[in-house]
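Trainee: I have a model open and want to learn how to read it. Can we go through some features step by step?

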Amino acid sequence: MGKIISVANEVELAAALKDAAGAVVLDFYATGCEACEADEGDLKKLAKSCADVTVVKIDVDAASVLADKWGVQGTPSLFVAGSAAEARPGAAKEVDWASD
């Protein structure tokens, strides 16, 4: 089973990336964002079903520096760490993950 963690700054994110055993999904979200809440269940399923996946949750309001650094334009925004080409702005559907 993978894991889901929350980070609030660049130091915590760097540690999470360093400690990850496999793929890292960055989930930039905002409190009260309905689409972000909709993604929550799918991200939990992803972490539960993939032992080498770490989902890193980042609140854009509390960690605006990180959101700016990653080029977040809106929430939710999902990235596979290390590859800006893997950005997935907007709500993701479970089938999106399965097809990649």
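Trainee: Which residues does Asp-61 touch, not counting residues up to four places away in sequence?

Mentor: Some ground rules come before that. This is a predicted model, where local features need pLDDT of at least 70 and side-chain atom pairs count only at pLDDT 80 or more, while totals for chains, interfaces and linings use all residues. Residues are numbered from 1 along each chain as its sequence is written, and side-chain values use heavy atoms, with hydrogens and water left out. Contact means heavy atoms within 4.5 Å. With those neighbours in sequence left out, Asp-61 touches Ala-30 and Thr-31.

Trainee: Where is Asp-61 placed?

Mentor: Helices (H or I, at least four residues) and strands (E, at least two) are DSSP runs, numbered from the N terminus. Asp-61 sits in the loop between strand E3 (54-59) and helix H3 (64-69).

Trainee: Is Asp-61 buried or exposed?

Mentor: Buried means under 20% relative accessible area, exposed means over 50%, and partly exposed is in between (1.4 Å probe, protein chains only). Asp-61 has 59% relative accessibility, so Asp-61 counts as exposed. Now look at Asp-27 in strand E2 (residues 24-29). Asp-27 counts as buried, because its relative accessibility is 1%.

Trainee: What does Asp-27 form a salt bridge with?

Mentor: Side chains of opposite charge can pair when their charged atoms come close. The rule here asks for a side-chain nitrogen of Lys or Arg within 4 Å of a carboxyl oxygen of Asp or Glu. Asp-27 pairs with Lys-57, and their closest N and O atoms are 2.6 Å apart. This pair links distant parts of the chain, with Asp-27 in strand E2 and Lys-57 in strand E3, 30 residues apart. Both residues are buried.

Trainee: Which residues are linked with Lys-57 in a network of salt bridges?

Mentor: Asp-27 and Glu-40 are linked with Lys-57 in that network. Glu-40 meets Lys-57 at 2.9 Å, N to O. Here helix H2 is joined to strand E3, across 17 residues. Glu-40 is partly exposed, at 23%.

Trainee: How many salt bridges are there by this rule?

Mentor: The count is three. One of them joins Glu-10 and Lys-69, with the closest N and O atoms 3.0 Å apart. Glu-10 lies in helix H1 (residues 10-19) and Lys-69 in helix H3, so the pair ties together parts that are 59 residues apart in sequence.

Trainee: Where is the kink in H2 centred?

Mentor: The bend at a residue is the angle between axes fitted to the seven residues ending there and the seven starting there. In H2, a kink of about 25° is centred on Glu-40.
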